[in-house]
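User: I would like to go through this assembly with you. Could we start with the backbone and then turn to the contacts between chains?
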Amino acid sequence: MSDRTPTGDHDQLRELLQRYARAADDRDVAALAALFHPEAEVTGSRGTQTLEEWLVGMRAPRAFPTSMHVIGDPLVVFGPDPDEAHLDTYAVVYQLSEPSSGGADLTLGIRYLDDVVRLDGRWVVRHRTASTLWMR
Amino acid sequence: MSDRTPTGDHDQLRELLQRYARAADDRDVAALAALFHPEAEVTGSRGTQTLEEWLVGMRAPRAFPTSMHVIGDPLVVFGPDPDEAHLDTYAVVYQLSEPSSGGADLTLGIRYLDDVVRLDGRWVVRHRTASTLWMR
Amino acid sequence: MSDRTPTGDHDQLRELLQRYARAADDRDVAALAALFHPEAEVTGSRGTQTLEEWLVGMRAPRAFPTSMHVIGDPLVVFGPDPDEAHLDTYAVVYQLSEPSSGGADLTLGIRYLDDVVRLDGRWVVRHRTASTLWMR
């Protein structure tokens with residue numbers, strides 16, 4: 001393993017975002033919750049919610065049965081504390097209707113602004129602001 | 001070169017995926033083959049094929065003359081061997097018809113699940129499963 | 001900060017591209033200019049322009065009030081000098097019309113080929129070639 005480099009913070013932060021995408025697309029609410037600080041807040045179209053309030057919405061039946069969160073590279077700024085960082089990330093989210101339903105699909109351009117912290121050696125989201133830039 | 005950091009495994013794995021995209025879009029079958037283990041298998045819409053069988057399909061004339069494989073960040077899990085990893089990667093593939101043909105373009109949402117191994121110091125795909133999540 | 005890994009060249013180069021996306025989408029011409037070498041050239045649909053000529057175009061009123069540059073992972077080749085690299089990057093650029101205007105949106109598939117250099121410890125673009133692969 002001599003040429004195995006340790007996983008750096010940037011790679012860990014990219015992994016956090018990719019784990020979010022898979023958990024959201026798998027409707028795995030427990031996996032989603034594990035990516036957030038217990039006292040996290042999420043600001044979006046429903047205003048600012050606690051993590052628990054936000055997860056209630058994620059557990060509810062969805063208008064689209066299938067989704068694909070294609071998440072781009074985050075722009076990362078570390079600090080002020082070494083265990084804190086700010087991520088600015090573009091994502092394109094494909095919301096797919098049941099092929100047999102005749103419903104139209106929806107595509108959204110989203111910008112995630114995340115304050116993340118290292119908690120017990122693992123990066124988690126402390127505050128997320130999700131803004132929908134466009135939808136089709 | 002004192003501030004030149006060595007290329008880590010994550011960067012090498014991202015490079016493997018980007019080289020795949022360029023080789024696929026360039027229709028460069030030799031370059032594609034070099035990204036796979038000689039005994040690789042590819043599982044997709046045609047079932048599970050050996051690398052040679054799969055390359056036959058890649059050499060065949062294509063319905064769309066131009067493509068663009070936009071490949072996202074892989075979710076990487078290393079192990080169990082230090083020279084093994086598993087990649088879970090989202091991609092959006094744009095298949096473009098000849099502008100003068102009047103044909104419609106096709107866009108596909110694809111999930112690649114890759115078992116990769118380090119062979120002679122270079123990561124290659126040992127087994128790929130490609131699933132089409134949606135197409136438009 | 002013992003487990004804080006230094007930012008490697010790959011991460012710095014990805015940051016350069018993400019800063020480009022944010023500056024382009026924010027119409028922040030000063031921020032854009034800071035990402036280029038003072039003697040940079042940009043080759044695109046208008047031929048090859050000096051940085052100053054290209055920035056004139058970026059300052060002009062635009063047909064689409066909002067944009068989102070979703071920039072993929074660069075394929076990076078370092079050298080020949082340790083302070084030089086070549087980036088081959090796919091991007092999907094969403095150009096959005098005013099919702100009330102009734103105008104159609106435009107989506108472009110773009111390939112950026114960048115020669116970048118390290119100038120005063122910071123990577124900047126020395127020459128960019130932007131090719132539009134498709135538009136819808």
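User: Which residue just after α1(C) takes a positive phi?

Analyst: This is a predicted model. The residue is C:Arg27, with a phi of about 55 degrees.

User: What about the helix itself: what span should α1 of chain C have, and how far apart are its end C-alpha atoms?

Analyst: Helix α1 of chain C covers residues 9-25. Its 17 residues, at 1.5 Å a residue, should span 24 Å, and the end C-alpha atoms are 24 Å apart, so the two values agree.

User: Which residues of α1(C) are buried?

Analyst: The buried residues are C:Asp9, C:His10, C:Asp11, C:Arg14, C:Glu15, C:Leu17, C:Gln18, C:Tyr20 and C:Ala21.

User: And what do those buried residues pack against?

Analyst: Within chain C, they pack against β3 (66-71), β4 (75-78) and β5 (84-96). From the other chains, the partners are α1 and β4 (75-78) of chain A and α1 of chain B.

User: Now the interfaces. How many residues of chain A are in contact with chain C?

Analyst: On the chain A side there are 14 residues, in contact with 17 residues of chain C. At least two residues each come from α1 (9-25), β5 (84-96) and β7 (122-135) of chain A. The largest share, three residues, is supplied by β5(A).

User: What is the make-up of that side by class?

Analyst: The side of chain A that touches chain C has seven nonpolar, four polar and three charged residues.

User: How many residues does each chain give to the contact between B and A?

Analyst: Chain B gives 14 residues and chain A gives 17. On the chain B side, the elements with two or more residues are α1 (9-25), β5 (84-96) and β7 (122-135) of chain B. Of these, β5(B) gives the most, with three residues. By class, the chain B side divides into seven nonpolar, four polar and three charged residues.

User: Do the copies use the same or different surfaces, and what share of the contact residues recurs?

Analyst: The copies use different surfaces: 14% of the contact residues of chain B recur in chain A.

How values were computed:
Residues are numbered from 1 along each chain as its sequence is written. Chains are lettered from A and ligands numbered from 1 in the order in which they are written. This is a predicted model: local features need pLDDT of at least 70, side-chain atom pairs count only at pLDDT 80 or more; totals for chains, interfaces and linings use all residues. Two residues are in contact if their C-beta atoms, placed from the backbone, lie within 7 Å. Helices (H or I, at least four residues) and strands (E, at least two) are DSSP runs, numbered from the N terminus. Ala, Val, Leu, Ile, Met, Phe, Trp, Tyr, Cys and Pro count as nonpolar, Asp, Glu, Lys and Arg as charged, and the others, Gly among them, as polar. The expected span of a helix is 1.5 Å times one less than its number of residues. A residue is buried if 20 or more other C-beta atoms lie within 10 Å of its own, exposed if 12 or fewer, and partly exposed in between; C-beta atoms are placed from the backbone.
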